[in-house]
Amino acid sequence: MDDLASLITRAQKGEKDAFGQIYKLFHKPIYRYCLFNTQKRETAQDLCQETFFRAWKSLSAFSQK
């Protein structure tokens, strides 16, 4: 698997597979964090989905400094 910086760069270029790999890396920890803080599965799922939706939308503005 590629390193995270490479995946981000590829995703910024429009490679959906690269964003899919980012999703696979971070979905479980983000979901667990949301579930821990809300104690509700549906809310945690919604928050997790919203997190990735916002990440996708703002991907072009992300800077890796």
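I take buried to mean under 20% relative accessible area, exposed to mean over 50%, and partly exposed to mean in between, with a 1.4 Å probe and protein chains only. On that scale, buried residues make up 22% of the 65 residues in the protein chain.

**Ground rules.** This is a predicted model: local features need pLDDT of at least 70, side-chain atom pairs count only at pLDDT 80 or more, and totals for chains, interfaces and linings use all residues. I number residues from 1 along each chain as its sequence is written, and side-chain values use heavy atoms, with hydrogens and water left out.

**Entry 1: overall layout.** I looked up the secondary structure. The protein chain has three helices and zero strands. From the N terminus on, the order is α-α-α. I use DSSP runs, numbered from the N terminus: helices are H or I with at least four residues, and strands are E with at least two. Next I checked the extent. Along the principal axes, the C-alpha atoms fill a box of roughly 35 × 25 × 20 Å. Then I turned to contacts, meaning heavy atoms within 4.5 Å. Of the contacts in the protein chain with a separation of 6 or more, 37% are between residues 24 or more positions apart.

**Entry 2: aromatic pairs.** I searched for ring pairs and found two. The rule covers rings of Phe, Tyr and Trp (its six-membered ring) with centres within 6.5 Å; planes under 30 degrees apart are stacked, over 60 edge-to-face, and the rest tilted. I looked at Phe 19 and Trp 56. Their ring centres are 4.9 Å apart and their planes stand at 70 degrees, so this pair is edge-to-face. The pair links distant parts of the chain: Phe 19 sits in helix α2 (residues 16–38) and Trp 56 in helix α3 (residues 41–57), 37 residues apart. Phe 19 is buried, at 12% relative accessible area. Trp 56 is partly exposed, at 36%.

**Entry 3: cysteines.** How many disulfides does a search of the whole structure find? It finds zero. A disulfide is a covalent bond between the sulfur atoms of two cysteines. The cut-off I apply is a pair of cysteine sulfur atoms within 2.5 Å. Cys 34 is in no disulfide, and the nearest cysteine sulfur, that of Cys 48, is 5.8 Å away. Cys 34 is buried, at 8% relative accessible area. Cys 48 is buried too, at 2%.

**Entry 4: the largest pocket.** Rolling a probe the size of a water molecule over the atoms shows where empty space is left. I worked on a 1 Å grid over the protein atoms alone: a pocket is an open set of points where a 1.4 Å probe fits, with protein on both sides within 12 Å along at least five of seven lines, and lining residues have an atom within 4 Å of a point. The largest pocket has a volume of about 200 Å³. That volume is the space filled by probe spheres set on the points, which are joined across faces, edges and corners.

Which residues line the largest pocket? Among them are Leu 4, Ile 8, Phe 19, Ile 30, Phe 52 and Phe 62. α1 (4–12), α2 and α3 each supply at least two lining residues. α2 gives the most, with four. By type, the lining divides into 10 nonpolar, two polar and no charged residues. Here Ala, Val, Leu, Ile, Met, Phe, Trp, Tyr, Cys and Pro count as nonpolar, Asp, Glu, Lys and Arg as charged, and the others, Gly among them, as polar.

**Entry 5: Ile 30.** I followed one lining residue further. Ile 30 lies in helix α2. At 23% relative accessibility, Ile 30 is partly exposed. Leaving aside neighbours within four places in sequence, Ile 30 contacts Cys 48, Thr 51 and Phe 52. Ile 30 and Phe 52 are 22 residues apart in sequence, and their C-alpha atoms are 9.5 Å apart.

**Entry 6: loops and the tail.** Lys 13 lies in the loop between α1 and α2. Lys 13 is exposed, at 67% relative accessible area. Its C-alpha is 9.5 Å from that of Leu 59, 46 residues away in sequence.

Gln 39 is in the loop between α2 and α3. Its phi is near 65 degrees, a positive value in a residue other than glycine. Gln 39 is exposed, at 60%.

Ser 60 falls in the segment after α3. Ser 60 is exposed, at 67% relative accessibility. Ser 60 and Gln 12 are 48 residues apart in sequence but 5.5 Å apart in space, C-alpha to C-alpha.
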